[in-house]
Amino acid sequence: MPWPLRWFARVLTVLLALALVLAGVLVYTVRKSFPQVDGTLRLPGLTGNVEIYRDKSGIPHIYADSAADLFMAQGFVHAQDRFYEMDFRRHTTAGRLSELFGKSTLGTDKALRTMGWRRVAERELPELAKQTQDYLNAYAKGVNAWLSANPNASDRSLEYSVLKLQNGDYQPEPWTALDSLSWLKAMAWDLRSNMEDEIDRALALTKLPRERVEQLYPGYPYDRHSPIVTEGTIDQGRFDQRAEPRLRATAALTQAAKTLDAVPSTMGTEDREGIGSNSWVISGDHTAGGKPLLVNDPHLSAQMPSVWYQAGLHCRKITEECSYDVTGFTFSGVPGVVIGHTDKIAWGFTNLGPDVADLFLEKVDGDTYLYKGEQVKLETRQEQIKVAGGAPVTITVKSTVHGPLINEVIDSARPSGEANAVALQWTALTPGRTADAIFALNRATDWQEFKAAAALFEVPAQNLVYADTTGKIGYQAPGRIPVRDKGDGTWPVPGWTGEYDWRAAPIPYDQLPSVEDPADGFIVTANNAVIDPKRYKPLLTKDWAYGYRSERIRDLVEEAIKKGKVDAAAMSKIQQDSHNGFAETLIPALMRVDLAGPGEQARQLLKTWDGTQDLDSAAAAYFNAVWRQVLLLTFNDELPEGARASGGDRWYEVIRRLLELPDDPFWDDVTTKNLTETRDDILRQAMASAYQELADRLGTDIASWRWRDLHQLELVNGSLGTSGIAPVEALFNRGPFPVPGNKDAVNATGWNVQRDYAVTAVPSMRMIVDLSDLDKSQWINLTGASGHAFHDNYWDQAEVWARGGLLPMYSKPESVKKAAVHTLKLTP
């Protein structure tokens with residue numbers, strides 16, 4: 001062989017060898033952290049043997065003889081699959097992300113330290129029941145046993161190996177009960193209701209008169225969309241299902257909005273209107289099995305891995321000391337099951353959305369603030385934030401009687417007569433008992449025990465639907481909901497007068513709406529209004545979802561019942577419904593407008609469209625593009641950026657009313673000189689602009705347009721998946737997946753008109769519980785059980801989820817063991 005070829009062959013051989021070595025190292029590093037799921041492991045601290053069965057999806061069912069062993073094993077299993085996620089979350093909730101990632105996360109840490117989630121958890125822990133504290137500590141022991149057995153970065157997960165390149169000195173601390181409690185504050189934050197609406201109203205008021213801002217927040221349409229509870233009122237100090245009612249500062253706010261924006265959305269999404277959920281329960285009188293069906297799908301942000309972790313927690317023998325036999329969805333980092341079923345009852349959550357947070361405008365002068373005619377000294381504390389690769393940063397957190405000041409800069413040189421700061425009062429900043437509630441729900445056996453457990457679920461306030469094996473169905477609204485002496489919580493209010501202060505006690509639990517075995521045989525909740533204020537006096541909120549999803553579910557349930565006995569397949573079909581509830585209102589208005597050219601050809605797609613937003617619908621693609629353009633053209637010229645339309649069902653109601661007012665000032669584009677646009681001008685331009693947008697993106701062949709080509713979901717890892725380093729992001733992110741639906745379809749795949757059609761919020765899981773035979777129940781998670789990139793269970797459920805499929809939700813020992821492909825035994 002000539003020498004040039006010999007040298008080329010040698011170089012090529014060396015390069016191939018290096019590539020093989022590198023690939024081998026990468027594979028070894030990736031697989032080294034995969035958990036042991038078969039055989040036997042010693043777990044110091046156990047009092048007896050524990051068995052863990054995993055099915056092909058990696059979903060664990062844990063069997064133990066004592067509750068302490070059960071929750072210790074749960075901590076161990078969560079750590080096996082999701083420790084990095086848990087570690088990242090606790091740094092988030094404690095305002096310590098900069099210890100991991102350096103100065104890039106300082107803004108987030110400052111916001112979290114200002115609100116003090118971790119400090120609240122510190123006050124909350126000693127107030128919990130001793131049993132709850134014991135279980136939290138047992139869980140922490142399990143996490144720490146795993147952590148001790150995996151001391152190296154490559155033992156823990158791929159994320160730690162990548163993080164070591166940037167922050168080589170980092171070592172995770174032992175897990176504590178406070179780490180679990182702090183995560184519950186994150187859950188409360190993401191489901192906190194209308195705080196952003198308060199700021200948006202105030203920001204809009206800087207550009208528009210109040211009456212025009214009010215147009216953007218129409219009242220709930222009780223005449224068209226039913227509330228959850230349609231009967232009962234408060235009678236003799238208690239809610240009675242059978243009773244009938246008797247008649248009877250801009251700059252600081254802008255800074256506050258920036259602070260709130262810096263708080264990460266741990267469960268939710270950047271688009272607050274994307275947060276929601278569906279749940280409904282149907283009496284056994286209407287089901288094929290003769291017992292209730294309970295359905296739930298919470299709508300949260302699309303995270304990688306999913307916020308949920310499926311698991312079964314089983315005492316081998318139910319005793320007073322070990323009383324748990326529960327299967328459902330858990331949060332990694334928190335013991336117990338959040339949503340699911342025991343061997344006797346099932347429950348589901350949707351966000352109740354009461355107004356539990358108020359923004360108080362304050363007059364701050366130096367280190368004091370005005371309150372009821374006196375200058376009161378601000379409470380202050382120092383918070384030191386450690387920063388990887390840099391010097392620590394110290395901030396001063398200031399608070400009034402209402403709560404922490406959340407605007408980042410207080411200009412004390414301003415005249416004290418002006419509001420120059422914003423304080424946040426929020427129910428979750430007071431210690432509560434939600435951790436107690438989780439364990440009480442997990443061991444409840446009937447309606448009364450369930451209601452007693454729900455009474456402890458203080459934040460976030462949720463709609464709880466219920467069913468049991470005796471055939472009972474029910475609904476309960478729990479939560480700590482404030483009572484205001486003045487105001488309705490929709491606008492920021494003066495803090496210095498004291499007249500808008502909250503009363504010391506919230507709405508009593510016994511006065512919160514509740515329903516038991518309603519006459520029509522089903523209950524539907526979808527973040528819609530809980531009860532008509534004409535029959536219920538305490539103010540829950542004025543900022544509900546507007547009932548498009550709930551009314552559609554009610555219609556579909558009633559339709560299914562009329563056809564005969566319903567089953568899980570019928571419920572799954574409803575969960576997959578992608579009908580656009582506003583199409584029937586907007587399309588007739590579009591059809592009445594004069595239009596020519598290619599826009600008219602595109603409009604023909606809508607003539608026979610039934611509103612179904614499936615993947616291959618050209619009409620769905622065009623309609624959503626038109627809807628986007630309608631909102632951009634109508635409102636972006638007048639509303640400040642923070643208050644602009646996102647596209648949710650509130651904007652359905654706004655546009656519904658504006659369609660009846662063809663000359664309303666909102667239709668006019670204030671940026672055009674010597675021209676006043678009307679409704680038809682904007683609708684015409686929206687259709688033309690929508691055509692041009694889709695032609696540019698999808699081509700000029702209208703028949704070839706597909707909703708799937710616009711509306712796609714990317715699963716993004718919550719930390720390293722947004723690093724900005726493409727090779728790192730490729731390791732942890734997955735997708736995209738085309739998905740049907742839209743934000744206020746039952747299949748609620750939300751997107752924000754201000755950005756693109758990319759999906760921002762999804763049904764984060766789906767569950768159908770069959771109380772006639774719990775082993776016929778079904779579930780699906782958005783991604784998978786594992787948090788380890790490249791593990792078989794990292795995203796194996798995602799494709800099933802995307803096509804609307806479900807997996808068996810086994811819970812009986814014989815079914816669990818039969819489905820198991822892995823068995824791990826833990827010994828003391």
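Two strands are taken to pair if DSSP finds at least two bridges between them. The exercises below apply to a predicted model.

**Exercise 1.** Determine which strands pair with β30, and in which sense.

*Solution.*
Step 1. Strand β30 covers residues 778-781, and strand β29 covers residues 765-770. Four bridges join these two strands, and the pairing is antiparallel. Within this pairing, Gln778 of β30 stands opposite Ile768.
Step 2. Strand β31, residues 807-808, is joined to β30 by two bridges. The criterion asks for at least two bridges, and β30 and β31 run antiparallel. Here Trp779 has Leu807 of β31 as its bridge partner.

**Exercise 2.** Classify the ring pair formed by Phe71 and Tyr324, and state whether these residues are buried or exposed.

*Solution.*
Step 1. The model contains 38 aromatic pairs.
Step 2. For Phe71 and Tyr324, the ring centres are 5.2 Å apart and the planes meet at 75°, so the pair is edge-to-face. The cut-offs behind this step are centres within 6.5 Å and planes over 60 degrees apart.
Step 3. Phe71 and Tyr324 are both buried.

**Exercise 3.** Identify the residues that ring pairs link into a cluster.

*Solution.* The cluster consists of Phe83, Tyr84, Phe88, Phe101, Trp146, Tyr160 and Tyr170, linked by ring pairs.

**Exercise 4.** Find the rings over which Arg210 and Arg628 lie, and give the distance to the ring centre for each.

*Solution.*
Step 1. Arg210 places its charged end over the ring of Trp491, 4.1 Å from the ring centre.
Step 2. Arg628 lies over the face of Tyr757, with a distance of 5.6 Å to the ring centre.

Methods
Residues numbered from 1 in each chain as written. Predicted model: local features only at pLDDT ≥ 70, side-chain atom pairs only at ≥ 80, totals over all residues. Heavy atoms only, no water. Phe/Tyr/Trp six-rings, centres within 6.5 Å; stacked < 30°, edge-to-face > 60°. Buried < 20%, exposed > 50% of the residue type's maximum accessible area, 1.4 Å probe, protein only. Lys NZ or Arg CZ within 6 Å of the ring centre and 35° of its normal.
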